[in-house]
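I opened my notebook to look up a few spots, one by one. Come along and keep the structure in view as you read.

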Amino acid sequence: MAQLAVEGYETASTLREAVGQSSITMICAPTPTINGSVDTRVLLSISTEVGKVLREERRYHLVVVRSTIPPGITRGHVIPQIELSAQSKIGPKIGVCHNPEFLREKFALDDFLHPGAVVIGEADKTAGDRLESLYSSFESPITRCSLETSEMIKYASNLFNTTKISFFNEIDQACKAVGVRSENVSRLMPQLALGLRGDLKFEGMCLPKDLEAFISFMRAKGVDLPMLSAVKQVNERTAKEQKPPMVVVNA
């Protein structure tokens, strides 16, 4: 806070002062995982305090949750907490949105100013319109959706990144086993990846047989590929549960 003031930014010393100086309050509360569950106590505590300040506000105020939280938390916990402490229902005077952050730790400021995408989960259209106007000068594409969809997009993004890292760690192991430089393989993957959507099993002459053959090939070289083995299991489970469209690749 002191550093921001030194750099010429307007700061506030209290939450009441911060809310009073603005028309939009962004809550960037930590949501650590404790014993396998998301701890929302800090988020809900801040939501309570913001609601108390808004009890005295007469003009419209937008509350934006930036934290990473499971789908349903904003609607089922944050909003009731704000309404209870503000003694007012959201809508006429108070708007609520979920607007997830997509920040890398070492490049947080640059990612904040130049996001790859802006996701606006809105409790109602008025709240979404107000938040979209805030991003009007940004050149990033804006997606508006429900609160739950926004919360899920953030989790899916993080999980997709963790999966990609683990996937390429497995590929790196396989490359080392056959004397190939993994960076020469992985750099082409973005151009070769198929489109993404759910409810798809993969079929055709290539994908199933190549997956099984590669797992067996690497196992013979003493390299276990647990992620790719799990991919095979997930595809088999998807095929058993329903008969969805297939991704058929014959190459």
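Predicted model: local features only at pLDDT ≥ 70, side-chain atom pairs only at ≥ 80, totals over all residues.

**Entry 1: Gln87.** I found Gln87 in the loop between α4 (73-86) and β5. I also looked up its backbone: phi of Gln87 is near 55 degrees, which is a positive value in a residue other than glycine.

**Entry 2: Asn35.** Next I turned to another loop residue, Asn35, between β2 and β3 (37-38). What is the phi of Asn35? I noted a value near 55 degrees, again positive in a residue that is not glycine. Asn35 counts as exposed, because its relative accessibility is 78%.

**Entry 3: Ser13.** I went on to Ser13, in the loop between α1 (2-6) and α2. Ser13 counts as exposed, at 66% relative accessibility. Which side chain does the side chain of Ser13 join in a polar contact? I found Glu17, at 2.9 Å. I then looked back along the chain to Ala2, eleven residues from Ser13, and the two C-alpha atoms are separated by 9.8 Å.

**Entry 4: Thr31.** I picked Thr31, which lies in the loop between β1 and β2 (33-34). Is Thr31 buried or exposed? Thr31 has 17% relative accessibility, and because the cut-off for buried is under 20%, Thr31 counts as buried. A polar atom of the Thr31 side chain lies 2.7 Å from the backbone oxygen of Thr68. I listed what Thr31 touches, leaving out residues up to four places away in sequence: Val38, Asp39, Ser67, Thr68 and Ile69.

**Entry 5: strand β5.** How many residues of β5 are buried? I counted five of the five, so the strand is largely enclosed by the rest of the structure. I reminded myself that side chains in a regular strand alternate between the two faces of the sheet. On one side of β5 I found Ile94, Val96 and His98, and on the other Gly95 and Cys97; all are buried, and both faces are covered. I then checked how β5 pairs with strand β4 (residues 61-65): the two run parallel and are joined by five bridges. One of the partners I looked up is His61, which bridges to Ile94 in β5.

**Entry 6: His98.** I stayed in β5 (residues 94-98) and looked at His98. His98 counts as buried because its relative accessibility is 0%. Where does the side chain of His98 reach? I followed it to the backbone oxygen of Ser67, at 2.9 Å. Leaving out residues up to four places away in sequence, I noted the contacts of His98, among them Val65, Ser67, Ile69 and Thr74. Val119, Ile120, Gly121, Leu147, Ser150 and Glu151 are also touched by His98.

Entry 7: I then looked for empty space, which shows up when a probe the size of a water molecule is rolled over the atoms. How many cavities of 30 Å³ or more does the structure hold? I found one. The largest cavity has about 100 Å³ of space. I counted 13 residues in its lining, with Arg66, Pro100, Pro115, Ala117 and Tyr135 nearest its centre. Both α5 and β6 (118-122) supply at least two residues of this lining. I sorted the lining of the largest cavity into nine nonpolar, one polar and three charged residues.

**Entry 8: the second largest pocket.** Last, I looked up the second largest pocket, with a volume of about 920 Å³. Of the 22 residues that line this pocket, Met1, Leu4, Glu10, Thr11 and Met26 are the closest to its centre. Which element supplies the largest share of the lining of the second largest pocket? I found β1, with four residues. At least two lining residues come from each of α2 (15-20), β1 (24-27) and α5 (108-113). I sorted the lining of the second largest pocket too, and got 15 nonpolar, six polar and one charged residue.

Note on methods. Residues numbered from 1 in each chain as written. Heavy atoms only, no water. Buried < 20%, exposed > 50% of the residue type's maximum accessible area, 1.4 Å probe, protein only. Polar contact = N/O pair within 3.5 Å; in protein donor to acceptor, adjacent residues only side chain to side chain. Contact = heavy atoms within 4.5 Å. 1 Å grid on protein atoms, 1.4 Å probe; cavity = no way out; pocket = protein on both sides within 12 Å on 5 of 7 lines; lining within 4 Å. Points joined across faces, edges and corners; volume = space filled by probe spheres on them. Nonpolar A, V, L, I, M, F, W, Y, C, P; charged D, E, K, R; others polar. Pairing = 2+ DSSP bridges.
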